[in-house]
Amino acid sequence: MERVEVVGMGVGNADLPQSLLKLMEGADILAGGRRLLEGMRGFGGKRLVIESPVSVILEKIRDAAGSGKRVVVLADGDPGFFGIAISQ
């Protein structure tokens with residue numbers, strides 16, 4: 001099983017380190033809100049829009065990671081502080 005990477009985007013991808021941009025570009029699947037995904041125009045893989053109910057998207061993320069896909073979740077702000085990284 002691949003691990004799921006969660007990236008706190010802040011204002012957008014312009015202020016992200018090159019290492020995180022490379023991580024996102026190498027993903028098989030990017031998951032995130034519509035605004036964050038729209039900012040990743042050069043990404044050619046599958047996109048999952050995180051919307052309600054979140055449990056459905058989390059299951060898709062688990063399934064993808066469980067099948068060996070590289071999944072990166074894009075999140076606003078600090079994803080570990082009351083954010084998507086603490087969702088189960």
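A residue is called buried when its relative accessible area is under 20%, exposed when that area is over 50%, and partly exposed in between, with a 1.4 Å probe and only protein chains considered. By that scale Glu59 is partly exposed, with a relative accessible area of 41%. The model described here is predicted, so local features need pLDDT of at least 70 and side-chain atom pairs count only at pLDDT 80 or more, while totals for chains, interfaces and linings use all residues. Residues are numbered from 1 along each chain as its sequence is written, and side-chain values use heavy atoms, with hydrogens and water left out.

**Overall build**

- The chain contains three helices and four strands, where helices (H or I, at least four residues) and strands (E, at least two) are DSSP runs numbered from the N terminus.
- Followed along the sequence, these elements give the pattern β-α-β-α-β-α-β.
- The chain has 88 residues, and buried residues make up 32% of them.
- Its accessible surface comes to about 5,500 Å², of which 52% belongs to carbon and sulfur atoms; such areas come from the Shrake-Rupley method with a 1.4 Å probe, and for residues only the protein chains shown count as cover.
- Among the contacts (heavy atoms within 4.5 Å) with a separation of 6 or more, 55% are accounted for by residues 24 or more positions apart.

**The sheet**

- Four strands form an open sheet in the order S1-S4-S2-S3, and the pairing is parallel; two strands are taken to pair if DSSP finds at least two bridges between them.
- Strand S1 (4-8) and strand S3 (46-49) stand at the edges with a single partner strand each, so one side of each is left without a neighbour in the sheet.
- Neighbouring strands of this sheet are turned by 20° against each other on average, direction ignored.
- S1 and S4 run parallel and are joined by five bridges, and Glu5 stands opposite Val72 in S4.
- S2 and S4 also run parallel, joined by three bridges, and here Ala31 stands opposite Val73 in S4.
- In a regular strand the side chains alternate between the two faces of the sheet.

- H1 lies across S1, strand S2 (29-32) and S4, and runs at about 135° to S1; the axes are lines fitted to C-alpha atoms, for helices over the stretch in contact, and the angles run from 0 to 180 degrees between N-to-C directions.
- Helix H3 (residues 54-66) lies across S1, S2, S3 and S4, running at about 150° to S4.

**Nonpolar cores**

- A nonpolar core is a set of buried Ala, Val, Leu, Ile, Met, Phe, Trp, Tyr and Cys residues joined through side-chain atoms within 4.5 Å.
- The largest such core has 13 residues, of which Val7, Met9, Met24, Leu30, Val72 and Leu74 touch the most other members.
- Helix H1 (18-25), helix H2 (34-38) and strand S4 (71-75) each supply at least two residues of this core.
- A second, separate core of nine residues includes Ala31, Ile57, Ile61 and Val73.
- Leaving aside residues up to four places away in sequence, Leu30 touches Met24, Leu37, Met40, Phe43, Lys46, Arg47, Leu48, Val72 and Leu74.

**Salt bridges**

- The structure holds five salt bridges, each being a side-chain nitrogen of Lys or Arg within 4 Å of a carboxyl oxygen of Asp or Glu.
- One of them joins Arg34 to Glu51, with the closest N and O atoms 3.2 Å apart.
- Arg34 lies in helix H2 and Glu51 in the loop between S3 and H3, so the pair ties together parts that are 17 residues apart in sequence.
- Glu51 counts as partly exposed, at 40% relative accessibility.
- Another joins Asp76 to Arg35, where the closest N and O atoms are 2.5 Å apart.
- Because Asp76 lies in the segment after S4 and Arg35 in helix H2, this pair ties together parts that are 41 residues apart in sequence.
- Asp76 counts as partly exposed at 48% relative accessibility, and Arg35 counts as partly exposed at 48% relative accessibility.
- Glu59 forms a salt bridge with Arg62, the closest N and O atoms lying 3.5 Å apart.
- Glu59 and Arg62 are three residues apart in helix H3, and are therefore separated by about one helical turn.
- Arg62, at 37% relative accessibility, counts as partly exposed.
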